[in-house]
Amino acid sequence: MRSLDSKSGLLVAPLLHNSSCTKAHNHITAGSVVQAAFILILSTGIFLANLLVILVVNSRRYSKYIHQQPRYLLTSLASNDLAIGVLVTPFGFLPALFKCWPYSETLCQIQALLRGALTQQSAAILVCMAVDRYACMLHPGKYHKHSTKKVTYHCFCQGCMTVLSITLVASLTVYSAVVLPKGGYYFNVSGLAACDPFYTRPSIRILAACSFYFPTTMLLMYCYGSAFHANKLRIKGTVSNSNDVAANSAVHKMVTHERRLSTNASRTMAAMSLGFIVMVTPWTIQEVVVACTGTKMPEFLEFTCTWLALSNSFWNPFLYWLLNNNFRRISKELFMTKILCRGKKTPPSNSLQCCSVPGSVPAPLTRDIEGLSEKYWGEILERTVSSNSLQMQKMYPPPPPPPRSTK
């Protein structure tokens, strides 16, 4: 339990050795088993789902279905969520099972630091994705024209990496100032089932929760709302895109194709942002209510709100998989070919000679030629008629018809 220092008037974190696992009366209950199983399943799902997103999004098969900027941002978000699934959530398994902290005090400090910094970084990446979709939907011509240039793409990657690096360093700095001093962390046995940052004043706790929730939510709603509103007007024909589309016809075709892909990507990313808002809202309300009233939430409710917010790292890749047909198809193809090795493999050119019995004559190739579908022969004939025959008619015009005999 938290105590109040009578001299300074600040809250004091409970001592960590009071939650050590050296007590003999610790026993496993049915509720602790359920909580530990939930943490284990969620940690495994976060790891596998985000690893799948990183592999599929950066594969060559998926490159034609996603633009370079969304690919970079999705990879950054999946990498950050993967770090949460490896460095944060698994350490709550044993504490949830035994209701004590079995690790060292230094690991508790690191756990509390990463818990705050990585979740804040997820919100920053979602904001960068929303700003990217905002620029893509409102100015598609300029966006796709500049994104095709390697120099512009490298500048974007460097700029985006700089922004994300600054936000990560800022988050680590802020939470280091909270966690590294003595009493800046504590073992949250009822909520996180791991170590959390400890705020000495209720106002600081409210500020931390509100700065994480409200700026992110407002930016996400504004960017995606403006983007889809502009896209709706563009579809109706009330918005002129003469300034966005260049005079080159090739650029116009590229913009038309990319706009279709960008709309699908924007809808998927908007659903991910909506999932973030839905998952984080109960935890934010809980933090504000507890800090304002000074009361303690029921253990089951606090555990549910806390881990519902952390489960956002799993719902991000799941929503992307659920709402993207190309992602599902290529994920299945990669799973079948790379893991199960059941993909269709084309035989080598000399497979007939290698597989034939020694001394036997290779089978003729007439069956393969005769087995070609009628579609391919039709394409060959069509191309021949449309190109060569017309040129031959220009070079060698047909003879004039014979004159009619008049009698």
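Val 189 is partly exposed, with a relative accessible area of 32%; buried means under 20% relative accessible area, exposed over 50%, and partly exposed in between (1.4 Å probe, protein chains only). The loop that holds Val 189 runs between strand E3 (185–188) and strand E4 (194–197). Helices (H or I, at least four residues) and strands (E, at least two) are DSSP runs, numbered from the N terminus. Although Val 189 and Pro 95 are 94 residues apart along the chain, their C-alpha atoms are separated by 7.3 Å.

The model is predicted: local features need pLDDT of at least 70, side-chain atom pairs count only at pLDDT 80 or more, and totals for chains, interfaces and linings use all residues. Residues are numbered from 1 along each chain as its sequence is written, and side-chain values use heavy atoms, with hydrogens and water left out.

The partners are Cys 108 and Cys 195, with sulfur atoms 1.8 Å apart. The link of Cys 108 and Cys 195 is left-handed, with -110 degrees about the S-S bond. Both cysteines, Cys 108 and Cys 195, are buried. Cys 210, by contrast, is in no disulfide, and the nearest cysteine sulfur, that of Cys 292, is 8.3 Å away.

| Residue | Relative accessible area | Class |
|---|---|---|
| Cys 210 | 23% | partly exposed |
| Cys 223 | 6% | buried |
| Ser 266 | 1% | buried |

Helix H4 has 34 residues and reaches 50 Å from its first C-alpha to its last, close to the 50 Å expected; the expected span is 1.5 Å times one less than the number of residues. Because 26 of its 34 residues are buried, H4 is largely enclosed by the rest of the structure. At the N-terminal end, Ser 104 caps H4 with a side-chain oxygen 3.3 Å from the backbone nitrogen of Leu 107.

Ser 266 lies in helix H8 (residues 249–293). Its side chain and that of Arg 133 are joined by a polar contact of 3.4 Å (a pair of N or O atoms within 3.5 Å; within protein, one must be able to donate a hydrogen and the other to accept it, and residues adjacent in sequence count only if both atoms are side-chain atoms). Leaving aside residues up to four places away in sequence, Ser 266 touches Arg 133, Met 137, Tyr 224 and Phe 228, where contact means heavy atoms within 4.5 Å.

Technical notes:
Disulfide = S-S within 2.5 Å.
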